[in-house]
Each structure stands twice: as C-alpha cells, then as structure tokens.
Amino acid sequence: MGPMKWSQTLIPTSRQVPAEAVVPSHQLMLRAGLIRSIGAGLYDYLPLGWRVLQRVMNIVREEMNDAGASELLMPALIPIEFYADTRRDVDYGDNLFRLTDRHGRSAALGPTHEEVITELMKAYVTSYRQLPLNLYQIQTKYRDEFRPRFGVLRCREFLMKDAYSFHVEVDGPGGLNETYDRMYAAYCRIFDRCGLDYSIVEAESGPIGGSASHEFMCNSPVGEDTILKSDKGNYAANVEKCAIGDRPHDLSGAPTGERTKVHTPNLPGIEGVSDFLKVKPSRMLKTIVWPWRAGERNGWVIAVVCGHHDVNEAKVRDILRDQVDRSLTLQTEGSEGAARAAGFAIGYVSPSAAIGRSACVVIADPDAAQGGFWATGADEMDHHVNHFNWKREVLDKGVQVHVADIRNAMDGDPSPLNDGGVLRASKGIEVGHVFKLGTKYSDAMGFAVLDEKQQKRSVIMGCYGIGIGRIIASAIEMNHDENGIVWPAPIAPYDVIITPIKYEGEAREVTDRLESQISQAGLDVLVDDRDERPGPKFKDADLIGIPIRLTIGDKALAQGCVEVVKRDGSLGKGEMVRIEEVVSRCRSSR
RNA sequence: CGGGGUGUAGCUCAGUUUGGCAGAGCGCCUGGUUUGGGACCAGGAGGCCGCAGGUUCAAAUCCUGUCACCCCGACCA
C-alpha cells in the first residue's frame, strides 16, 4: 500500500484513556487512533485502523479464494419480503434493524444474507451440474443490539465475511461435508495468520438454524461466550451446547425427615430462599415450567435442576423430542405468563406440581435426581418446603420422572466422552462460525435442482462467518503490553516505522532513502517526520505497535548504521545494523 | 427492557450539596530555550455548562420534561 509520512495522514494518538472504554482492545484502539466512536456501537475506522482491516480482509480473501470460494457483493439494505418465507423477520426479533422508506416500504439492514443469496441462487441455478458452489462477501452487517459494548467486539454495524455453500449431497465429492471441512481448515489458516490463540468448539446453531456447527473462539477473558474444554484435550464446546458426561442418579433414596412447609414471603429466587432457609443452593431444587405443543394437543414440561445449576433450554427441547415424544415441541415464548395462568406458583414450583396434571412431563437432571435432603418450592405463593423426597413426593404419587442431562455444563463436570476427562471453563470471543444449514433455507424458499435422475432435490446449504473487526480487537487483546499494541506482523498497519531523531540533514537523507528502498522491497513503511522530540515519537511508535522500528540518529549514523528495534522485544533495546543491510533485515524479520 | 451512573474547552475531569464573574491538567496556537523515551519559560485562542421549558433580581447549580452516552443484569449468528 506504499510508504506514508506521519504528517500527511491522520493518526490521532492519545495519552489519556477515554472514559467509555473498559477493555484493553477498546482502549488501545482509541488511544492508537484506529477508531473513533460516533454513537453507540458505531465507529469510524481511521487510516491506521482501516489499514489493519484491509490486511485482515486480504488474508481472508486469499484463504477463501484458495479454498475455492468466489467473492461477490450483496446489498446491506434488504426488502423485508425476503424474510417472509423463512419467518426470520419474526425469529430474529428486535435484533433485526428495520426501516421504512418514503413509499412506506419496509426493509431491513441485513444481519446475515441467507435469504438474499438463496434468492440469487434460485434465479440462476437449476441443475445439479452447477453445484457445488461456495460464494462469499465481505459486507457491513447490522444488528440492533440491545447493548453494544466493548468497542468493536459488539457493535451495531460491523464488517463480516459471510460465505454460503450449496450442494446436492451431504457426503462424498462435492458434498456439504467436503466444503465444511475445507472451510474449517481455511479458518484455521486465517486465524493462525492473524496471530490469534483460539479454540474450536462445538456450538448451537441458534436462530440461523442448522444441524452442526463449530465456533472459532479467541481465548480471552474479555470474551462474552463461555466455553468448556476437556482436560484430555479431546472435547470442547460452547456452554450452550456442551454435553455433560454420565452421572449416577437415584430417585429411591429414603426421606430425611417430614416434608415441612416454611413461610418464605417474597422470596421467589434461589439465593434469597437459600439465605433465609440456611440451605445451600446445591441442596435446593430449581424447577422451571414450559408448555409443550403437538398439533392440537398441549401440556407441560417441568424441568428440575439443582439450585446452583442453570437449565439449558435447548437440551430440554432435545430430550423432549428424542426421549419422550418426537411430536412434542417446547414453547418458550411467553411461557412464564402461560404457566402462571395455568395455576403454577411461579417462583415456588416443585416437582410435585406435576401431580394431578395430565400431559405433564417431568425431566430431572441427574444431579438433582438424588436422595438426601432437598429444599424446594411448596407449589403455593410465598412458601417452600424442607425434606422434599422424590420417591415420597413424586414417584409414589404416580408421576413418572425422566432423568437426563438438561443443565448448562460447569467447570469440573465430567467430559461427555466419559473417558475420565474433566471439563474446564474459560471465556472466548467468537471470531468465526461454521454451520451445516441443511435445507432449512432452500426448502423455505423453494430452491431445488434436478439431479441426474430428473428428480427434484432440495439444495443442501452451509454457511460460514467471520467477524473482521473482532479479529482485530482479539489480536490486540492477546498482543499488547503496558506501552501499547504489539501487532502480529501479518496484520500490522505498517511493517516498518522509521523514526528519525531529527528529520533533517543526513538523518533525513538516510530516512528518505530507506523509505524508498524498503517500500520497493514490498514492505509498508511509515515515516515519523513530525517535528517532535524523540520521547513522544518513541511512545507513539510503541503505542501503534509497528513490528519494526528503525531509529535514525547521529550516534548510529556516525558508524554507518541505524538502530533496529522490534516491538515484540526480541531485539532488546535495539541492534545496530549497517545501512546497506537494513532492507534485507526488515524483509527477513517480517 | 429493569437497576445504577454521567453529560461543563479537542481529551480527562473539578465546580452542582448551600443559586451570585466559566475552572484545572493534557492537547492546540505564537515567541524563545531545548532535543535518544511523553521538556521548560512567557504569552494566547478555545465553552448556548446535552436540549427544551419552569422557578428566581440572578441558574452549570433548584424543579419538570426530553435526548444521548456508559456500567450491571436480561438479551444475542
């Protein structure tokens, strides 16, 4: 991208940490003059920040193209009708940015482009001979986030690479799995090149739908996602998805005492009751109620976990479908109000609430399906009970209890591989996500092709996203020190910064000559030609994190040398290098 | 959307309790002295105190409304 003089561009560095920034990457991106906020979750990318973005995009393009994908560009502004068939205008909810034009037509600012690309494909692709195809774009995406935060990590407008692949088969040559694996490998190369330390975890596919997915999680304490990894190194998953290994359960244990009711006014939450009853949350049962539906039939699901655990809705949904009755679907919208209206004492529900109700499915997590002492709700407002006992209170009253893994995994839980591994929890920034979408979109939108037997076949899809801005923030999160950013070389805004102590005389001549030579060698070089004292120049060079700094001062020049300093500290305080060797040194240490 | 907080100079913030000349540091401009890790001296520019009403002789300060931003939670490909 050529050489540049500091005085001829805009790099507004700052000593002070802006008040609104709470995480290191956000603070440093502001201080180094990479970005500027113009509103909640909206950022200018200034010249330095834009250069980093372009470098990341180039890496993404190279790897995507190498993996056989073709770039295109779709609009960010999408007529709302595109979402009608897939119902995503509803399913995506308030996060979908909506607007109305002067004619009163509704549109959305695209959060992703499944519908748009499927429409495109439907228009031109009619034969299996045209498949497989893998198309991608790098485009601004929009989400009406309730709460943008952490700088570019969660904003309302952001750059994303999104790719979509189309297949007739799942397996075999040209099948979905082949492209999925290829994307998976390309993602590894992309994140490796960007200098990220990341974990690949199994993930829920979420509102986008689909059958299998992996997330690429940058390992960082500022991440908003919780991931669990087996200490055997053979399993990793997002907490939304993470299964838990086998745990013994026993519903037949003898009561520990008389079931005694206690008045617990205005204490619907576990913590309040725990304090009040002097019972640890781990000895309390938490009971959540949802309606289920199956055509015209409906009923209730009562999910029970220990007080210190969280119910995982997706797991309950899967258990209901796979182990109870395939036709049942969980209703989560407005479930609390519905349950209240049906007479459940929300906040004070116990497993006994199933007694006397038909079509009521009780599912207990193994850790909750135990004998011993339990405190739980009394199924009436403002009351709990001590000495709840599964056999006496539930089984003997004729209620069947399913025992299954229905809670979120926690640090210390057994690995689902049941190989003695223990799950360890950590935080991650989601920088990439690959999905097997299946035929969700193609079926909804009527996209099918004829196969060689003249049979109509639903097109099988995959989709693959990468957050460009998040890569940058993540790279900074894991590559900075007290002086500023330490860019991984491939995504640094410049490869070399030349810092003349004083930009005049011989120093100026040498600076200009090196600038030109280094540039011709294919490296991007920034010359700090400002009329500043050396201190601020050094501080700024450290802050913006250029990998190689050439300091040009009288001491070194007297020996025909300049000083080479590497931002990562690998050359210590610097090394004298003869002027004629500087270019090759820069090139080799890139 | 619930709870909490903040809006005053380009940036970070005092001043608001108890109404009475619009402040500091950093940055910026001019001149001078400096010049290898955020210099010093002197001078200077810069504000509709978020916005709109109200109370008052007088409002950054009190009252009402409103907008924006930040934090915690909820939410989230």
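User: Which residues does S220 touch, not counting residues up to four places away in sequence?
Analyst: S220 touches K427, G428, I429 and E477. This is a predicted model. Contact here means heavy atoms within 4.5 Å. S220 sits in the loop between β11 (212-219) and β12 (225-230).

User: Why is S220 called buried?
Analyst: The cut-off for buried is under 20% relative accessible area. S220 has 6%, so S220 is buried.

User: What makes D411 partly exposed?
Analyst: Partly exposed runs between the buried limit of 20% and the exposed limit of 50%. D411 has a relative accessible area of 42%, so D411 counts as partly exposed. D411 is placed in the loop between β21 (401-403) and β22.

User: Which residues does D411 touch, leaving out residues up to four places away in sequence?
Analyst: D411 touches L228, L423, R424 and A425. As for C155, its C-alpha atom is separated from that of D411 by 29 Å. The two residues are 256 residues apart along the chain.

User: Why is the pair of D495 and R55 called a salt bridge?
Analyst: The test is a side-chain nitrogen of Lys or Arg within 4 Å of a carboxyl oxygen of Asp or Glu. The closest N and O atoms of D495 and R55 are 3.0 Å apart, so the pair passes. D495 lies in the loop between β27 (484-485) and β28 (496-500), while R55 lies in helix α2 (residues 47-66). The pair links distant parts of the chain, 440 residues apart.

User: Are D495 and R55 buried or exposed?
Analyst: Both D495 and R55 are buried.

User: What makes E62 and R193 a salt bridge?
Analyst: The closest N and O atoms of E62 and R193 are 2.8 Å apart, so the pair meets the 4 Å cut-off. E62 lies in helix α2 and R193 in helix α5 (residues 176-193), so the pair ties together parts that are 131 residues apart in sequence.

User: How do you know whether E62 and R193 are buried, partly exposed or exposed?
Analyst: Set the values against the limits of 20% and 50%. E62 is at 39% relative accessibility, so E62 counts as partly exposed. R193 has 30%, so R193 is partly exposed as well.

User: What makes the space lined by L153 and R154 a cavity rather than a pocket?
Analyst: In a cavity a 1.4 Å probe fits but cannot get out, whereas a pocket is open. L153 and R154 line the largest cavity, and so do V222, G223, E224, D225, G428, I429, E430 and R470. About 70 Å³ of space lies in this cavity. The structure holds 1 cavity of 30 Å³ or more.

User: How is the lining of the largest cavity made up?
Analyst: By class, it has 3 nonpolar, 2 polar and 5 charged residues. Strand β22 (residues 423-438) gives the most, with 3 residues.

User: What lines the second largest pocket?
Analyst: The pocket holds about 360 Å³ of space. It has 20 lining residues, and the closest to its centre are K286, T287, I288, I346 and G347. Elements giving two or more residues are α6 (270-277), β15 (285-294), α8 (335-341) and β19 (376-377). The largest share, 6 residues, comes from β15. By class, the lining has 11 nonpolar, 7 polar and 2 charged residues.

User: Which residues of helix α13 are buried, and what do they pack against?
Analyst: In α13 (residues 534-544), K537, D540, A541, D542, L543 and I544 are buried. These buried residues pack against α1 (24-31), α2, β27, β28, β29 (525-527) and β30 (548-552). Just after α13, G545 takes a positive phi of about 75°.

Terms used: Residues are numbered from 1 along each chain as its sequence is written. Chains are lettered from A and ligands numbered from 1 in the order in which they are written. This is a predicted model: local features need pLDDT of at least 70, side-chain atom pairs count only at pLDDT 80 or more; totals for chains, interfaces and linings use all residues. Side-chain values use heavy atoms; hydrogens and water are left out. On a 1 Å grid over the protein atoms alone, a cavity is a set of points where a 1.4 Å probe fits but cannot get out, and a pocket is an open set with protein on both sides within 12 Å along at least five of seven lines; lining residues have an atom within 4 Å of a point. Grid points are joined across faces, edges and corners, and a volume is the space filled by probe spheres set on the points. Helices (H or I, at least four residues) and strands (E, at least two) are DSSP runs, numbered from the N terminus. Ala, Val, Leu, Ile, Met, Phe, Trp, Tyr, Cys and Pro count as nonpolar, Asp, Glu, Lys and Arg as charged, and the others, Gly among them, as polar. Buried means under 20% relative accessible area, exposed over 50%, partly exposed in between (1.4 Å probe, protein chains only).
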